[in-house]
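This briefing accompanies the sequence and the 3D structure shown below. Please keep both in view while reading, as the points are grouped by topic.

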Amino acid sequence: MSRRLVLCVLFATSVGACFGPPDPGARKDTSAVAQPTAFVSLPAEAEAISFLGDTLVSPTLSAGVAADRMARYSEAEEALSAHPEDADALIWLGRRTAYLGRYRDAIDIYTHALTLHPDDARIYRHRGHRYLTVRELDHAIPDFLRAAELTEGKPDEVEPDGMPNPKGIPTSTLQFNIWYHMGLAYYLKGDFEAAADAYAHCAEVSVHPDSKV
């Protein structure tokens with residue numbers, strides 16, 4: 001069964017319908033909701049092609065880690081089933097899907113979420129992150145730019161950790177993650193001036209020494 005069909009089956013059972021990419025003609029703004037899904041021509045089981053042309057597959061998880069992440073994925077799926085249009089539930093299903101190494105499936109989840117919540121900066125931040133993971137920089141950067149636009153002038157907020165540190169204390173914020181990942185995307189493109197500007201913004205919202213470093 002193909003990865004897209006697996007995702008459709010999962011969503012048919014959890015939220016009642018299988019979704020596809022949003023209709024580009026349904027919106028006339030530049031919010032990046034209607035970006036194409038991140039599917040390129042890939043070998044079976046591959047998630048991305050590296051910048052050096054190598055085939056990249058999901059990392060192998062130990063049995064214990066895989067079991068724990070699947071359990072958390074199932075919890076996220078149940079939460080979405082109970083509230084199929086809830087932004088938090090959609091974000092967490094996307095995050096739990098990505099933690100299983102299914103980065104492109106996570107991108108599809110976030111793309112669907114943006115059809116319901118087109119002005120939620122968190123969703124752009126997470127989709128941009130996973131576009132970055134699969135080396136699609138030209139899709140990642142517009143998402144980070146949109147997320148930065150939506151958070152401009154607003155108070156920052158702590159971002160809950162999907163994989164908490166030993167003390168269980170979140171150490172990053174939404175705006176930090178937007179600017180950090182934007183800087184990384186520009187750096188990888190070789191646009192060092194834009195990367196430096198993004199990192200300058202990142203420094204401004206860094207709230208502790210680890211973030212500043």
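A polar contact is a pair of N or O atoms within 3.5 Å, where, within protein, one atom must be able to donate a hydrogen and the other to accept it. In this predicted model, such a contact of 2.7 Å joins the side chains of Asp-143 and Arg-127.

**Overall make-up**

- The protein contains 9 helices and 2 strands, and from the N terminus on its elements follow the order α-β-β-α-α-α-α-α-α-α-α.
- Of the 213 residues in the protein, 44% are buried, while the accessible surface amounts to about 11,100 Å², with 57% of that area belonging to carbon and sulfur atoms.
- Among the contacts with a separation of 6 or more, 59% are made by residues 24 or more positions apart.

**Asp-143 in helix H6**

- Asp-143 sits in helix H6, which covers residues 137–151, and this residue is buried, because its relative accessible area of 0% falls under the 20% cut-off.
- The side chain of Asp-143 is joined to that of Arg-127 by the polar contact of 2.7 Å already mentioned.
- Asp-143 and His-126 are 17 residues apart along the chain, and their C-alpha atoms are separated by 8.7 Å.

**Helix H4 and Asp-105**

- Helix H4 comprises 14 residues (103–116) and reaches 20 Å from its first C-alpha to its last, which is close to the 20 Å expected at 1.5 Å a residue.
- Because 12 of the 14 residues of H4 are buried, this helix is largely enclosed by the rest of the structure; the buried residues include Tyr-103, Arg-104, Ile-107, Tyr-110, His-112 and Leu-114.
- Asp-105 also belongs to helix H4 and is buried, with a relative accessible area of 2%.
- The side chain of Asp-105 makes a polar contact of 3.1 Å with the side chain of Arg-102.

**The hairpin of E1 and E2**

- Strand E1 (residues 46–49) pairs with strand E2 (residues 55–57) in the antiparallel sense, over 3 bridges, and the bridge partner of Ile-49 in E2 is Thr-55.
- The hairpin has 5 residues between the strands, and within this hairpin Gly-53 takes a positive phi near 90°.

**Positive phi in the loops**

- Most residues other than glycine have a negative phi, which gives a background for the next two residues.
- Glu-45, although not a glycine, has a positive phi of about 70°; Glu-45 lies in the loop between helix H1 (3–14) and E1, and it counts as exposed because its relative accessibility of 64% is over 50%.
- Arg-135 is likewise not a glycine and has a positive phi of about 70°; Arg-135 is found in the loop between helix H5 (121–133) and H6, where it is partly exposed, with a relative accessible area of 35%.

**Aromatic residues**

- With ring centres required to lie within 6.5 Å of each other, the count comes to 3 aromatic pairs.
- In the pair of Phe-176 and Tyr-180 the ring centres are 5.9 Å apart and the planes stand at 5°, so this pair is stacked, given that planes under 30 degrees apart count as such.
- Because Phe-176 and Tyr-180 are 4 residues apart in helix H7 (residues 174–189), about one helical turn separates them.
- An α-helix has 3.6 residues a turn, so residues three or four places apart point the same way.
- Phe-176 counts as buried at 12% relative accessibility, whereas Tyr-180 counts as partly exposed at 35%.
- Tyr-187 and Phe-192 form a tilted aromatic pair, with 5.5 Å from centre to centre and 55° between the planes.
- Tyr-187 is partly exposed, with a relative accessibility of 49%, while Phe-192 is exposed, because its relative accessible area of 51% is over the 50% cut-off.
- Phe-176 and Tyr-180 also belong, together with Tyr-199, to one aromatic cluster.

Definitions and conventions. Residues are numbered from 1 along each chain as its sequence is written. This is a predicted model: local features need pLDDT of at least 70, side-chain atom pairs count only at pLDDT 80 or more; totals for chains, interfaces and linings use all residues. Side-chain values use heavy atoms; hydrogens and water are left out. Buried means under 20% relative accessible area, exposed over 50%, partly exposed in between (1.4 Å probe, protein chains only). The expected span of a helix is 1.5 Å times one less than its number of residues. Two strands pair if DSSP finds at least two bridges between them. Contact means heavy atoms within 4.5 Å. Accessible areas come from the Shrake-Rupley method with a 1.4 Å probe; for residues, only the protein chains shown count as cover. Rings of Phe, Tyr and Trp (its six-membered ring) pair if their centres lie within 6.5 Å; planes under 30 degrees apart count as stacked, over 60 as edge-to-face and the rest as tilted.
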